[in-house]
Amino acid sequence: MNTQASTFVSDVDLAFYVILGISLFFLIGITIFMIWVVIRYNKKRNPTPTDVKDNMNLEVAWTVIPTLLVLVMFYYGWMGYTPMRKVPNGAIEVKATGRMWAWDFEYANGKTSNVLVVPVGKPVKLNLFSPDVLHSLYIPAFRVKEDVAPGVKNYMWFQSDKLGEYDIFCAEYCGVRHSYMLSKVRVVSEEAYLQWVADVQKVEETATSIGLQVLQKNGCFACHSSDGSKLVGPSFKGMAGERTVLIDGDEKQQDADDEYIKRAIYDPNFEVVKGFNKGLMISYKDKITDAEMQEVIKYLKQLNEK
C-alpha cells in the first residue's frame with residue numbers, strides 16, 4: 001500500500017484530476033471543432049452564408065451537459081472538502097501564529113517552535129491566529145490550505161501517515177518579505193514526538209535570555225536584524241546614540257533611550273526611523289507586558305554594548 005503524506009491526498013487529487021480531465025476534454029474538443037468549422041465553412045466551400053437557428057436539441061444539450069458536468073465537479077470537490085472541516089476527537093491541538101514574516105507554533109504545554117513537529121498517524125488540529133495582516137498556511141504535500149486572518153477564528157487539521165519533512169508556505173501576499181515566510185512540518189514517530197514536546201527548554205534567569213526570548217516569540221527578527229544589516233525595519237544593532245526619525249513628515253533627532261524603545265514597540269507608527277516605511281509594524285502593547293518590555297530594553301542595551 002502506498003502511504004501518502006496526509007489522509008486528504010487521494011480525495012483532493014481525485015477532484016483535481018476530474019476537473020483537469022473535463023477541462024482538457026473540452027479544450028481539445030472545442031479546438032478540433034473550431035478548426036473543422038473554419039475549414040468546412042470557409043468562403044470557397046460555402047460562398048453563401050447559411051443562418052442556423054431554432055435548434056431545440058442543440059440548446060437543450062449545451063444547457064444540460066454543462067450543468068451535469070458542473071455538478072460532477074462540485075460533488076468531487078465537496079467530498080474532498082467536507083472531511084477537512086470535521087476534526088476527529090482527540091486531535092492534538094497546536095496554536096499556529098502567522099505574523100510578518102514568520103510562522104510560530106505553540107503546544108498545549110507552552111512549548112513554542114518555528115517548525116511544526118507532529119507524530120505519525122495522529123490527527124493534528126491547528127488553531128490559526130494572526131496579530132497583523134492576512135496570511136494563508138499552506139502545506140502542499142498534505143493538500144491543506146487555510147487563511148490566517150486577524151480577528152477571525154479559523155482552523156485546519158490533518159493526519160500524516162508518512163514520516164518525513166514537508167514544506168510550509170504562506171499562500172497570501174502579506175508584505176515585502178512574503179516569500180521568506182517559510183517553515184517545515186516534521187512528521188516523526190510517536191515516541192520521538194513525545195520526547196520532543198516534553199523537552200521544554202528552561203529560560204535562563206538573565207535579562208539577556210528573557211529579552212531575547214520575548215523578541216523571538218513575537219517574530220521580531222523577521223524584520224529587524226541583530227548584526228546591523230538592513231531588513232524591513234532598522235537593525236537592533238547600532239541603536240545607541242541619536243537616530244533621525246520622522247514625525248508627521250518632520251525630521252527630528254531622537255535618543256534611543258528607554259522611553260524611545262518602549263514607544264517604538266507600543267506605538268511604532270508615531271515616529272519612524274528615516275529611510276524606513278510607515279505602517280509595516282503593528283502595536284505590541286497588548287502582546288508584550290511592561291515586565292517583558294524591561295527585559296527587552298536590557299537585552300537591546302547589552303546587544304549594543306558588544
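I began with the second largest cavity, which is lined by Met84, Val144, Lys145, Glu146, Met156 and Trp157. This is a predicted model: local features need pLDDT of at least 70, side-chain atom pairs count only at pLDDT 80 or more, and totals for chains, interfaces and linings use all residues. I note that residues are numbered from 1 along each chain as its sequence is written, and that side-chain values use heavy atoms, with hydrogens and water left out.

For cavities, the search uses a 1 Å grid over the protein atoms alone; a cavity is a set of points where a 1.4 Å probe fits but cannot get out, and lining residues have an atom within 4 Å of a point. Volume is the space filled by probe spheres set on the points, with grid points joined across faces, edges and corners.

The second largest cavity holds about 40 Å³ of space. Strand 7 and strand 8 (154–159) each supply at least two residues of its lining. Strand 7 gives the largest share, 3 residues. Helices (H or I, at least four residues) and strands (E, at least two) are DSSP runs, numbered from the N terminus.

I sorted the lining by class. Ala, Val, Leu, Ile, Met, Phe, Trp, Tyr, Cys and Pro count as nonpolar, Asp, Glu, Lys and Arg as charged, and the others, Gly among them, as polar. The lining of the second largest cavity comes out as 4 nonpolar, no polar and 2 charged residues.

How many cavities of 30 Å³ or more does a search of the whole structure find? I got 2. The largest cavity has a volume of about 570 Å³. It is lined by 34 residues, and the closest to its centre are His224, Pro234, Ala264, Pro268 and Met281. Helix 5 (258–266) and strand 13 (272–273) are the elements that give two or more residues to this lining. The largest share, 4 residues, comes from helix 5. By class I have 22 nonpolar, 8 polar and 4 charged residues in the lining of the largest cavity.

Next I traced the strands. Two strands pair if DSSP finds at least two bridges between them.

I then followed strand 10 (residues 183–188). Strand 10 pairs with strand 4 (residues 116–119) in the parallel sense over 4 bridges. There, Leu116 stands opposite Val185. Strand 9 (residues 164–170) pairs with strand 10 in the antiparallel sense over 5 bridges. Ile168 has Ser183 as its bridge partner in strand 10, and Gly164 has Val187.

**Sheet with strand 8**

I found another open sheet of 5 strands, in the order 3-2-1-5-8, again with mixed pairing. Its edges are strand 3 (112–113) and strand 8, each with a single partner strand, so one side of each is left without a neighbour in the sheet. Strand 1 (residues 92–99) and strand 2 (residues 102–106) run antiparallel, joined by 5 bridges. Thr97 stands opposite Asp104 in strand 2.

Trp101 sits in the loop between strand 1 and strand 2. A cis peptide bond joins Met100 and Trp101, with omega about -5 degrees.

Arg143 lies in the loop between strand 6 (135–139) and strand 7. Its phi is near 60 degrees, a positive value in a residue other than glycine. Is Arg143 buried, partly exposed or exposed? Arg143 counts as partly exposed because its relative accessibility is 30%. The cut-offs are under 20% relative accessible area for buried and over 50% for exposed, with partly exposed in between (1.4 Å probe, protein chains only).

Key
On a 1 Å grid over the protein atoms alone, a cavity is a set of points where a 1.4 Å probe fits but cannot get out, and a pocket is an open set with protein on both sides within 12 Å along at least five of seven lines; lining residues have an atom within 4 Å of a point.
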